[in-house]
Amino acid sequence: MKRETKVREIPGTYKILDGLLSEKYQDYIESHLKDTDTWRYRESLVDKKGPWAHLSGFSNVFLNEDGIRNNDIFNIVAPITKIACDHVGYNITSICYARSFLTLPIPGAKGISSPHVDIDNEDHLVCLYYVNDADGDTILLDKMDMSEEFDESQELNILARITPKKGRILLFCGRQYHAASLPEKSARIIVNFDILGAYRGKSST
């Protein structure tokens with residue numbers, strides 16, 4: 001018996017911000033992330049399992065539920081959230097997670113990683129920062145998670161594809177299903193923040 005997943009349709013609400021960070025700051029972030037020795041290999045960069053291709057690569061956790069784990073890099077990248085959120089009028093209550101992902105190119109690679117949300121059952125804002133120019137688009141899908149489990153037979157349609165560009169910031173509601181496409185030509189490095197708060201006068205959804 002097919003289990004229905006509690007999701008709701010959403011409009012195309014996301015924000016792409018280019019040019020907010022100085023080139024000097026962009027270069028500073030890129031050089032530190034490329035040179036750090038705290039990367040850890042993971043067979044899958046998302047925890048959800050399913051029929052989609054899995055995205056293997058390296059992760060680097062700066063902040064999680066146990067607190068700050070890499071203070072030096074966290075202090076370097078954390079200002080991204082304030083700059084972006086101030087620009088769009090989002091009041092930050094706290095940053096739940098801050099981490100970076102590095103995906104190596106796979107020639108001829110096809111498909112996307114498992115559609116997922118970072119935090120189940122909680123309104124939050126996702127802030128993605130693209131460290132370098134790369135292929136391997138971020139995929140935003142057309143439904144929102146309203147429960148803890150995802151029915152992998154649920155049909156999801158691509159709402160938008162955002163190409164990694166050095167210095168680019170992507171903001172979207174954290175309940176929105178999203179994924180990453182597999183890079184074929186270049187290493188892809190992003191910084192991912194999950195933020196609690198609200199747009200001024202509105203919820204994060």
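This is a predicted model: local features need pLDDT of at least 70, side-chain atom pairs count only at pLDDT 80 or more; totals for chains, interfaces and linings use all residues.
Residues are numbered from 1 along each chain as its sequence is written, and side-chain values use heavy atoms, with hydrogens and water left out.

The protein chain has a mean pLDDT (the predictor's confidence in each residue, from 0 to 100) of 85, and 84% of its residues reach 70 or more. Over residues 1-12 the pLDDT is below 50, although this stretch has 34 contacts in the model beyond near neighbours in sequence; a contact denotes heavy atoms within 4.5 Å. Three helices and 12 strands are assigned to the protein chain, these elements being DSSP runs numbered from the N terminus (helices, H or I, at least four residues; strands, E, at least two). Of the 205 residues, 52% count as buried, with buried meaning under 20% relative accessible area, exposed over 50%, and partly exposed in between (1.4 Å probe, protein chains only). Among contacts in the protein chain with a separation of 6 or more, 83% are accounted for by residues 24 or more positions apart.

The largest nonpolar core comprises 31 residues, and I29, V77, I80 and I169 have the most contacts inside it. Such a core is a set of buried Ala, Val, Leu, Ile, Met, Phe, Trp, Tyr and Cys residues joined through side-chain atoms within 4.5 Å. Two or more residues of this core are contributed by each of α1 (23-35), β4 (57-64), α2 (71-77), α3 (79-88), β6 (90-103), β7 (125-130), β10 (169-173) and β12 (188-199). Strand β12 provides the largest share, five residues. When neighbours within four places in sequence are set aside, V77 is in contact with Y25, I29, F62, V191 and F193. A second, separate core of 15 residues includes L45, L128, A160 and I190.

Strand β12 is largely enclosed by the rest of the structure, because 10 of its 12 residues are buried. Pairing of strands, which requires that DSSP finds at least two bridges between them, joins β6 and β12 in the antiparallel sense over 12 bridges. Here I190 in β12 is the bridge partner of F101. Strands β7 and β12 likewise pair in the antiparallel sense, over six bridges, and I195 in β12 is the bridge partner of L125.

Side chains of opposite charge can pair when their charged atoms come close. The whole structure contains 10 salt bridges, each defined by a side-chain nitrogen of Lys or Arg within 4 Å of a carboxyl oxygen of Asp or Glu. One of them joins the side chains of D18 and R168, with an N to O distance of 2.8 Å. This pair links distant parts of the chain, 150 residues apart: D18 lies in the loop between β2 (14-17) and α1, and R168 in the loop between β9 (158-162) and β10. D18 is partly exposed at 39% relative accessibility, whereas R168 is buried at 15%.

R175 forms a further salt bridge with D123, in which the closest N and O atoms are 2.5 Å apart. Distant parts of the chain are again linked, since R175 occupies the loop between β10 and β11 (176-180) and D123 the loop between β6 and β7, 52 residues apart. R175 is buried at 10% relative accessibility, while D123 is partly exposed at 30%.

Within helix α3, D86 and K82 are four residues apart and are therefore separated by about one helical turn. The closest N and O atoms of their salt bridge are 2.9 Å apart, and D86 is partly exposed, with a relative accessible area of 38%.

A disulfide is a covalent bond between the sulfur atoms of two cysteines. With the criterion of a pair of cysteine sulfur atoms within 2.5 Å, the count comes to zero disulfides. The sulfur of C85 is 6.1 Å from its closest cysteine sulfur, that of C127, which is too far for a bond. C85 is buried, with a relative accessible area of 0%, and C127 also counts as buried at 0% relative accessibility.
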